[in-house]
Amino acid sequence: MIDLFQAYRTFFGKGDALYQLFSPYRICPLGAHVDHQHGLVSGFAFDSGIEFLFSETPTGKVEMCSLSFEGLMTFNVRREIDSKQHNWGDYLRGAVWSLQKDFQLQKGIRGVVKGSMPIGGLSSSAALLCGFVKALDKVNGLGLDNMQVIQYASMAERQYVGLNNGILDQACVVLCEADHLLYLDTDTSEYKLLPFGDGRKPPFKIGIFHSGVTRQLTGTDYNLRVTECKTAAWIMQAYEDIPLKKMQDTRLRDVEERLLEKYVERMPERFAKRARHFYSECDRVKAGVEAWKRGDIHEFGRLVFESCESSMNNYECGSPELIELYKIMRRTDGIYGGRFSGAGFKGACIALVDPEKEEYIRQYVTQEYLKVFPQYEEGFKVFFCNTSSGVDFL
């Protein structure tokens, strides 16, 4: 396979002052679909992601190509960023757009990016955004700290790209450390990096099962679910005669859980379900953190399975392919716990697996999945990964 240096030379010729950067993908074992409501989340980064090789351009020009997507993306960081072009370059433009709110960028970037897995459910967009923000920070000497990288990348995805998510994805990509669980309060941005049990290496690897289905989140019900959660909060506040904020500033984290039980019979079912998922998922995160600190991988995994059940039944997400994968994982020996990855509207399931049963898991899950969906024989992929630290220069 063509490597980044060869690709750089092919596209741009010999380059000076080349920088290398690795931005990992992430999984969220517990805390799904609650970050946009300022809930509690957990996460791991893992040792697969997006590699960057780039040099600075003194004129401010950006020239970026990808080994995963077509097209050379070109624009200038000194000029106002225009409307979206509906290609992968929107994430690059969005990063510049968000930084331009506070900085006058002078130097651009010429480079190549390469993703190491199929797209779908592992926050490749957050990996690309955070990596590009770090690259712009490097060449322009902005001096951003980790939380600023997260906030600018998140702003780009929400306000420029148009996906109404929270900061879970970006936080995992930036903050995680190998063999530690990230525990993040997305309301306060306070976080902890927790070692497993008494500090020993966690006894699992991360299994990634790509269904073969790929879909963009902005073309699914993702944004609708966010609005439904906000509406649930608004309904309870209205019944309780609490002054209402604008919908964009309304979140379930601002509403006490007791109000759900008080008004659940008066709420349309879909809104009650979204609220029920939020409160129960935050409880699972807290229980999962305690299991992790005890070194109880079986209980932690059980909660991950339970989280996916709530995602299906209360949050009502999951394609037929992902639901089938989830059912297969539940009956596979050696899988401690698993769930949809990302929003559950596209491509992948993740699992915490016993490393000693890796090959059995690969064969069994592949066999069982392709029995039901033989049309995905070419697209279905299985990977086993280790946890890793966040985005950094090599």
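## Close-up views of a predicted protein model

**Figure 1. The whole chain in overview.** The secondary structure of the protein comes to eleven helices and 13 strands, where helices (H or I, at least four residues) and strands (E, at least two) are DSSP runs numbered from the N terminus. This is a predicted model, in which local features need pLDDT of at least 70 and side-chain atom pairs count only at pLDDT 80 or more, while totals for chains, interfaces and linings use all residues. Residues are numbered from 1 along each chain as its sequence is written, and side-chain values use heavy atoms, with hydrogens and water left out. The radius of gyration of the protein is 21 Å, which agrees with the value near 21 Å for a compact globule of 394 residues; the radius is taken over C-alpha atoms, and the globule rule is 2.2 Å times the number of residues to the power 0.38. Along the principal axes, the C-alpha atoms fill a box of roughly 65 × 55 × 45 Å.

Figure 2. Among contacts with a separation of 6 or more, 72% join residues 24 or more positions apart, contact meaning heavy atoms within 4.5 Å.

**Figure 3. The nonpolar cores and phenylalanine 132.** In soluble globular proteins, nonpolar side chains tend to be buried together. The largest nonpolar core here has 127 residues, of which Phe132 and Phe209 touch the most other members; such a core is a set of buried Ala, Val, Leu, Ile, Met, Phe, Trp, Tyr and Cys residues joined through side-chain atoms within 4.5 Å. When neighbours within four places in sequence are left aside, phenylalanine 132 is in contact with Phe52, Val62, Met64, Leu92, Ala95, Val96 and Ile109.

Figure 4. Helix H2 (residues 89-99) is largely enclosed by the rest of the structure, because eleven of its eleven residues are buried. Among these buried residues are Asp90 and Arg93, together with Tyr91, Leu92 and Trp97. The cover over the buried residues of H2 includes strands S3 and S4 (73-76) as well as helices H3 (124-140) and H4 (146-161).

**Figure 5. Helix H10 and what covers it.** In helix H10 (residues 320-330), the buried residues are Glu321, Leu322, Glu324, Leu325, Tyr326, Ile328 and Met329. Their cover includes strands S8 (205-210), S9 (335-340) and S10 (348-353), along with helices H9 (297-313) and H11 (358-372).

Figure 6. Serine 23 is placed in strand S1 (residues 19-27) and is buried, with a relative accessible area of 0%. Although serine 23 and serine 389 are 366 residues apart along the chain, their C-alpha atoms are separated by 9.2 Å. Beyond its neighbours within four places in sequence, serine 23 is in contact with residues including Gly49, Phe52, Cys130 and Val391. Leucine 182 lies in strand S6 and is buried, at 1% relative accessible area; its C-alpha atom is separated by 9.0 Å from that of alanine 45, 137 residues apart along the chain. Serine 66 lies in strand S3 (residues 61-66) and counts as buried at 11% relative accessibility.

**Figure 7. Two aspartates with positive phi.** Phi of aspartate 179 is near 65°, a positive value in a residue other than glycine. Aspartate 179 has its place in the loop between helix H5 (168-175) and strand S6 (180-185), and counts as partly exposed at 26% relative accessibility. Aspartate 241, which is likewise not a glycine, has a positive phi of about 60°. Aspartate 241 is found in the loop between helix H6 (222-239) and helix H7 (258-263), and at 69% relative accessibility counts as exposed.

Note on methods:
Buried < 20%, exposed > 50% of the residue type's maximum accessible area, 1.4 Å probe, protein only.
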